[in-house]
Each structure stands twice: as C-alpha cells, then as structure tokens.
Amino acid sequence: MIDSKRIKHRIKLIRPLLVPLVLYIGLLAVAVATVPDMAPSPWRYVVALLPMIPGLFLAFGIVRIFAQIDEMERRILLEAVAFSFIFTLIFLLSVGLLGLAGVPQPSPIIIAALMCFLLLIGKFWTNWRYK
C-alpha cells in the first residue's frame with residue numbers, strides 16, 4: 001500500500017540534496033574529462049578533488065536526514081549500513097588475501113559501487129524483515 005503522506009515527507013527530506021548531487025555529478029564529469037589530459041601541475045590535483053566540495057555538502061545533508069527520520073526508519077538504515085560494511089569488509093579481506101596469489105586488486109571506484117549495492121540489498125532485506 002502506498003502511503004502518500006510518507007512519500008511527501010521523504011521528498012521533503014531529500015529535496016535539499018538535489019543541488020549538491022547535481023553539482024557533484026557535473027564536477028565529477030569535468031574532472032574525469034579534463035584531468036587525464038592536463039599537464040603535470042598542482043592545478044591537476046585541485047581539479048581532480050573539485051567534486052569533493054559538493055560531496056561534503058551531500059554527506060552533511062545525509063547526516064541531517066538521518067537525524068530527522070523516525071526511529072524505525074533509522075533502525076532499518078543502521079542495519080543496512082552494518083550489512084554493507086560487514087560484507088564489504090569480508091570482500092576486501094578476501095581479495096587482499098587473493099592478491100597474495102596474484103589476483104588483481106579492484107579499483108576504489110569498484111569498491112564504492114559494491115558498498116552502495118550492498119547498502120541497497122541491506123535496505124531491501126531489512127524493509128522486508130520488518131514488514
């Protein structure tokens with residue numbers, strides 16, 4: 001059953017994240033497109049880290065949302081984060097040990113994507129469990 005009041009509340013919580021998210025994606029595209037072609041200089045590092053400025057605002061906004069949600073939703077998110085953390089840790093330890101045998105190591109982008117994917121799985125799982 002769709003609860004329109006709950007959906008409106010979530011949209012109200014997420015709306016302040018839209019501007020930092022769009023800026024992050026835009027600056028990330030600029031950094032990925034320009035940094036590899038730049039000559040070696042200190043500006044190369046500045047441009048590469050430019051997406052982190054809206055990324056920080058995004059992180060603080062997520063923390064603010066976490067403080068404003070109800071207790072049950074907070075518990076569901078906490079369990080999803082714990083699920084993601086533990087399984088990412090197990091994956092990293094396994095890949096690290098396989099690295100001793102010559103298996104190539106994943107890039108940090110792959111690890112971040114894995115964490116996000118596991119967070120979604122944890123969220124769906126805990127939502128299902130508490131329904």
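These legends go with several close-up views of the predicted protein model shown above.

View 1. The protein has a mean pLDDT of 90, and 98% of its residues reach 70 or more. Among the elements of the protein, the lowest mean pLDDT, 81, belongs to helix 1, which covers residues 4–14. The highest, 93, belongs to helix 5, which covers residues 71–99.

**View 2. Helix 2 and helix 4 cross each other.** Let's start with a pair of helices. Helix 2 spans residues 18–34, and helix 4 spans residues 52–68. Their axes come within 8 Å and cross at roughly 155 degrees. Because angles over 145 degrees count as roughly antiparallel, helix 2 is roughly antiparallel to helix 4. The crossing of these two helices is left-handed.

**View 3. Which residues of helix 2 and helix 4 meet?** Now look at the side of each helix that takes part. From helix 2 come Pro 20, Leu 21, Leu 23, Tyr 24 and Leu 27. They meet Met 52, Pro 54, Gly 55, Phe 57 and Leu 58 of helix 4. Sorted by type, the residues of this contact are nine nonpolar, one polar and no charged.

**View 4. Two residues of helix 4, Ala 59 and Gly 61.** Are they buried or exposed? Ala 59 has a relative accessible area of 38%, so it is partly exposed. Gly 61 has a relative accessibility of 5%, so this residue counts as buried. Each can also be paired with a residue elsewhere in the chain. Ala 59 and Leu 17 are 42 residues apart in sequence, and their C-alpha atoms are 9.1 Å apart in space. Gly 61 and Ile 25 are 36 residues apart along the chain, with 16 Å between their C-alpha atoms.

**View 5. Helix 5 and helix 6 form another crossing.** Here is a second pair to compare with your own eyes. Helix 6 is made of residues 108–130. The axes of helix 5 and helix 6 come within 7 Å and cross at roughly 135 degrees. That angle makes helix 5 oblique to helix 6. This crossing is right-handed. The residues of the contact divide into 16 nonpolar, five polar and five charged.

**View 6. Thr 88 and the residues it touches.** Next, we zoom in on one residue. Thr 88 lies in helix 5. Since its relative accessibility is 5% and buried means under 20%, Thr 88 counts as buried. Which residues does Thr 88 touch, not counting those up to four places away in sequence? They are Ile 111, Met 115 and Leu 118.

**View 7. Arg 10 in helix 1.** How far from Ala 82 is Arg 10, C-alpha to C-alpha? The two C-alpha atoms are separated by 22 Å, and the residues are 72 apart along the chain.

How values were computed
Residues are numbered from 1 along each chain as its sequence is written. This is a predicted model: local features need pLDDT of at least 70, side-chain atom pairs count only at pLDDT 80 or more; totals for chains, interfaces and linings use all residues. Side-chain values use heavy atoms; hydrogens and water are left out. Axes are lines fitted to C-alpha atoms, for helices over the stretch in contact, and angles run from 0 to 180 degrees between N-to-C directions. Helices (H or I, at least four residues) and strands (E, at least two) are DSSP runs, numbered from the N terminus. Angles under 35 degrees count as roughly parallel, over 145 as roughly antiparallel, 65 to 115 as roughly perpendicular and the rest as oblique. A crossing is left-handed if the near helix is turned anticlockwise from the far one by less than a right angle, and right-handed if clockwise. Contact means heavy atoms within 4.5 Å. Ala, Val, Leu, Ile, Met, Phe, Trp, Tyr, Cys and Pro count as nonpolar, Asp, Glu, Lys and Arg as charged, and the others, Gly among them, as polar. pLDDT is the predictor's confidence in each residue, from 0 to 100. Buried means under 20% relative accessible area, exposed over 50%, partly exposed in between (1.4 Å probe, protein chains only).
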